[in-house]
Amino acid sequence: MIPVTTMQGARLLRYGTPADMPVQEVELPALQPGQVLIRMAYASINPSDLAFLSGQYGIKKKLPAVPGFEGSGTVVAYGGGWSRFLVGRRVACASSSGDGTWAQYMVADAKGCIPLRRSVSLEQGSSLIVNPMTAVAMYNIFEKGRHGALIQTAAASALGGMIRKLAAVNGRPVINIVRRDEQVNTLEEQGAQYVLNSTAPDFERKLAVLARKLQATMAVDAVGGALTQQLVGCMPAFSTVLVYGGLSGEACALSPGLLIFKEAQIRGFWLSLWLQKQSALSLMRLGWSVQKHLAGELKTEVRRIYPLAEIHAAIEDYSRQMSGGKVLINCNP
Ligand SMILES: NC(=O)c1ccc[n+]([C@@H]2O[C@H](COP(=O)([O-])OP(=O)(O)OC[C@H]3O[C@@H](n4cnc5c(N)ncnc54)[C@H](OP(=O)(O)O)[C@@H]3O)[C@@H](O)[C@H]2O)c1
């Protein structure tokens, strides 16, 4: 039995601009077996959400639709079957189809809901999946590859901070690439040993020296554009670049000569596909272990929380200043 039939939600009417996204009344669909209804607490805003709004993301939904890929809340109803045990539980949730998390309620697949440990707040729980799981998955790829060091671009991001902390715990060196001097200072104050500004005139020379010295043969790149080619050019032969974001909005530049004469490998990483390859048991273990580290290595700093009604101000604030903490949406203020 659904306790409500309508809700307030941000509704994207057209891809291209968040201006075409009023907060309005939305009808809730009937629950199917295996689905639960979540009363949303908080929802995150990530670069993937911005890419979705502009129609540039790997997932396109039939519009109008409620955006928002992840959040947290309390399960208030279920559609039958085993999902009954989730009723009353606080969960982290994600949406890849149907209406998303920027609303008062969300219908979700029970299988994709992660019950929150008592020690995890709903604020932290709203950013449990996208960045922490990606950081863990990519860091594990790095560890398995026997690389001397890891290079990461957009290193002042929330995810960059997680990777840096995972590496620090394991005593592994990371070369952090940012795009502003303030970010260099911030990361150094946080204890990062190697931080380079990609806009500095001697950037490539410094990166090549460090990459050779530390044998940094793997990079994770969230920027793309010219930076991807700069990475390959500065890294030792037989290096791998994992492209997992396109923050520059530009195609990855790559000269065939560099690929050939360095036998470099460029590959993509997308959490959605990576999750599909994991067994139910390993996903459960991952969800549990990520939560254990949510107050430490995998902590998301929250800069500001906006009520759902102010979603446009929230998106503008986040887009203007992405470094220095996440902006969350309070779905039921
Ligand atoms: N493939 C996957 O499965 C997956 C999963 C999760 C996240 N991601 C990606 O991971 C990246 C980081 O996400 P996040 O949530 O951690 O980000 P975030 O905390 O919102 O921070 C974004 C960072 O990127 C920097 N940035 C923005 N545009 C840039 C550009 N053109 N060149 C260089 N740096 C730029 C920002 O610096 P300023 O402050 O200077 O703007 C900021 O430090 C994003 O690209 C996201 O899409 C991918």
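**The ligand site and its setting**

Modeller: Gly 34 counts as partly exposed because its relative accessibility is 23%; buried is under 20%, exposed is over 50%, and partly exposed lies in between (1.4 Å probe, protein chains only). The model is predicted, so local features need pLDDT of at least 70 and side-chain atom pairs count only at pLDDT 80 or more, while totals for chains, interfaces and linings use all residues. Residues are numbered from 1 along each chain as its sequence is written, and side-chain values use heavy atoms, with hydrogens and water left out.

Gly 34 sits in the loop that runs from strand E2 (23-27) to strand E3 (35-44); helices (H or I, at least four residues) and strands (E, at least two) are DSSP runs, numbered from the N terminus. Gln 8 is 26 residues from Gly 34 along the chain, and their C-alpha atoms are separated by 24 Å.

Now to the ligand. There are 26 residues around the ligand, and Arg 179, Leu 271, Tyr 318, Ser 323 and Lys 326 come nearest; a residue is near when one of its heavy atoms lies within 4 Å. Sorted by class, this shell holds 15 nonpolar, eight polar and three charged residues. Here Ala, Val, Leu, Ile, Met, Phe, Trp, Tyr, Cys and Pro are nonpolar, Asp, Glu, Lys and Arg are charged, and the others, Gly among them, are polar.

Helix H3 (130-144) and helix H4 (158-169) each supply at least two residues of the shell. H3 gives the most, with three residues.

In the side chain of Asn 131, a polar atom lies 2.9 Å from a ligand oxygen atom. Gln 183 has an N or O atom in its side chain that is 3.0 Å from an oxygen atom of the ligand. For Leu 247 the atom belongs to the backbone: an N or O atom there lies 3.5 Å from a nitrogen atom of the ligand. On its own, the ligand has 940 Å² of accessible area, of which the protein covers 90%.

H4 also contains Ala 168. Ala 168 counts as exposed because its relative accessibility is 56%. Asp 221 is 53 residues from Ala 168 in sequence, and the two are 19 Å apart in space, C-alpha to C-alpha.

Ala 154 has a positive phi of about 50 degrees although it is not a glycine. Since its relative accessibility is 19%, Ala 154 counts as buried. Phe 238 is also not a glycine and has a positive phi, of about 65 degrees. Phe 238 is found in the loop between helix H7 (226-234) and strand E12 (240-243). With a relative accessible area of 61%, Phe 238 is exposed.

Asn 176 belongs to strand E9 (residues 174-178). Asn 176 counts as buried because its relative accessibility is 1%. The side chain of Asn 176 is joined to that of Arg 164 by a polar contact of 3.1 Å.

Other parts of the chain complete the setting. The peptide bond from Leu 63 to Pro 64 is cis, with omega near 0 degrees. Pro 64 lies in the loop between helix H1 (47-53) and strand E4 (70-78). Val 302 is 238 residues from Pro 64 along the chain, and their C-alpha atoms are separated by 29 Å. Val 302 lies in strand E14 (residues 302-307) and is partly exposed, with a relative accessible area of 32%.

Gln 291 lies in helix H10 (residues 280-292) and counts as buried at 3% relative accessibility. Arg 117 is 174 residues from Gln 291 along the chain, yet their C-alpha atoms are separated by 7.1 Å.

Finally, an unreviewed UniProt entry carries the annotation "domain: Enoyl reductase (ER)" for residues 16-329. Over residues 16-329 the chain is 33% helix and 22% strand, with the end C-alpha atoms 21 Å apart.

Notes:
UniProt positions are given in the numbering used here, feature names are shortened, and annotations may be inferred rather than shown by experiment. A polar contact is a pair of N or O atoms within 3.5 Å; within protein, one must be able to donate a hydrogen and the other to accept it, and residues adjacent in sequence count only if both atoms are side-chain atoms. Accessible areas come from the Shrake-Rupley method with a 1.4 Å probe; for residues, only the protein chains shown count as cover.
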